[in-house]
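Subject: Handover of the model, with notes

Hi,

Here is the structure you are taking over. My notes follow below it.

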Amino acid sequence: MRISPVLCGLVAAAALGVAGCATPESAKPATSSSLYDRLGGMQAITAVVDDFVGNLATDERIKAKFANANMPRLKTRLVEQICAGSGGPCTYAGLDMKTAHAGMAITNDEFDALVDDLVKSLDKFKVPAGEQKELLAILGPMRKDVVSR
Ligand code: HEM
């Protein structure tokens with residue numbers, strides 16, 4: 001029995017599963033689980049953030065900004081923030097982004113450098129392009145609160 005792609009989409013959405021219904025990609029739900037799960041959960045997020053914070057501390061473009069930072073605490077907060085933001089079972093217990101970065105005179109170029117360092121870590125841990133894009137879409141809007149010069 002052949003079923004139209006639209007019906008196949010409905011069938012898939014209702015999780016009924018009908019033989020002969022080859023659901024095309026376009027009819028599937030855009031995502032089947034939270035970004036948190038697709039990133040690999042707490043273990044994967046912690047590994048990426050560990051590496052990322054290592055990049056920040058050695059990146060000539062921005063390392064001076066982290067010279068007096070409490071890096072273990074920053075790591076904890078970043079993990080919480082990414083976990084919570086991606087739909088994971090965490091609560092972000094840190095400062096809001098404006099308060100956290102007040103008086104740091106962070107520039108757009110420095111923000112871009114940090115994103116670059118994060119992408120390096122995401123690539124290293126083989127996070128697929130789609131998930132990277134979703135994560136950056138969560139962090140991107142924070143630019144207006146982080147950049148102050
Ligand atoms: C999307 C971009 C960014 C995110 C998501 C982010 C996230 C955070 C978080 C969660 C904290 C901890 C706040 C707290 O302690 O309660 C923090 C602190 C900090 N951030 Fe950012 N940040 C971003 C961009 C930047 C940039 C571009 C710089 C500098 C180039 C920077 C430098 C710092 C420093 C120095 C601290 C203080 C660390 C400490 O001593 O506790 N951040 N950030």
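This is a predicted model: local features need pLDDT of at least 70, side-chain atom pairs count only at pLDDT 80 or more; totals for chains, interfaces and linings use all residues.

Which residues line the largest cavity? They are Leu39, Ala44, Ile45, Val48, Ile82, Leu122, Val127 and Leu135.

Residues are numbered from 1 along each chain as its sequence is written, and side-chain values use heavy atoms, with hydrogens and water left out.

Overall fold

The protein has 8 helices and 0 strands. Helices (H or I, at least four residues) and strands (E, at least two) are DSSP runs, numbered from the N terminus. Of its 149 residues, 32% are buried. Buried means under 20% relative accessible area, exposed over 50%, and partly exposed in between (1.4 Å probe, protein chains only). The protein exposes about 9100 Å², by the Shrake-Rupley method with a 1.4 Å probe; for residues, only the protein chains shown count as cover. Carbon and sulfur atoms supply 59% of that area. Among contacts (heavy atoms within 4.5 Å) with a separation of 6 or more, 65% join residues 24 or more positions apart.

Cores

A nonpolar core here is a set of buried Ala, Val, Leu, Ile, Met, Phe, Trp, Tyr and Cys residues joined through side-chain atoms within 4.5 Å. The largest has 22 residues. Leu39, Ile45, Val49, Ile82, Leu118, Leu122 and Leu135 touch the most other members. Helices H2 (35-39), H3, H4, H6 (108-124) and H7 (129-139) each supply at least two residues of this core. H3 gives the most, with 6 residues. Apart from this core lies another, of 5 residues, among them Ile106, Phe111, Val146 and Val147.

Val49 touches Lys75, Leu78, Val79 and Ile82, not counting residues up to four places away in sequence.

Cavity and pocket

Both come from a 1 Å grid over the protein atoms alone: a cavity is a set of points where a 1.4 Å probe fits but cannot get out, a pocket is an open set with protein on both sides within 12 Å along at least five of seven lines, and lining residues have an atom within 4 Å of a point. Grid points are joined across faces, edges and corners, and a volume is the space filled by probe spheres set on the points.

There is 1 cavity of 30 Å³ or more. The largest cavity has a volume of about 60 Å³. H3 gives the largest share of its lining, 3 residues.

The largest pocket has a volume of about 840 Å³. Of its 30 lining residues, the closest to its centre are Phe66, Leu74, Ala100, His101 and Met104. H4 gives the largest share of this pocket's lining, 6 residues.

Iron site

His101 (NE2) is the only protein donor of the ligand's iron atom, at 2.0 Å. Donors are N, O and S atoms within 2.8 Å of the metal (3.2 Å for Na, K and Ca); water is not among the atoms, so sites may look incomplete. His101 lies in the loop between H5 (97-100) and H6.

Loop residues

Asp59 sits in the loop between H3 (41-58) and H4 (71-85). Asp59 is buried, at 8% relative accessible area. Beyond its neighbours within four places in sequence, Asp59 contacts Ala113 and Asp117.

Ala105 has phi near 50°, positive though the residue is not glycine. Lys126 has phi near 55°, also a positive value in a non-glycine residue. Lys126 is exposed, at 71%.

Best wishes
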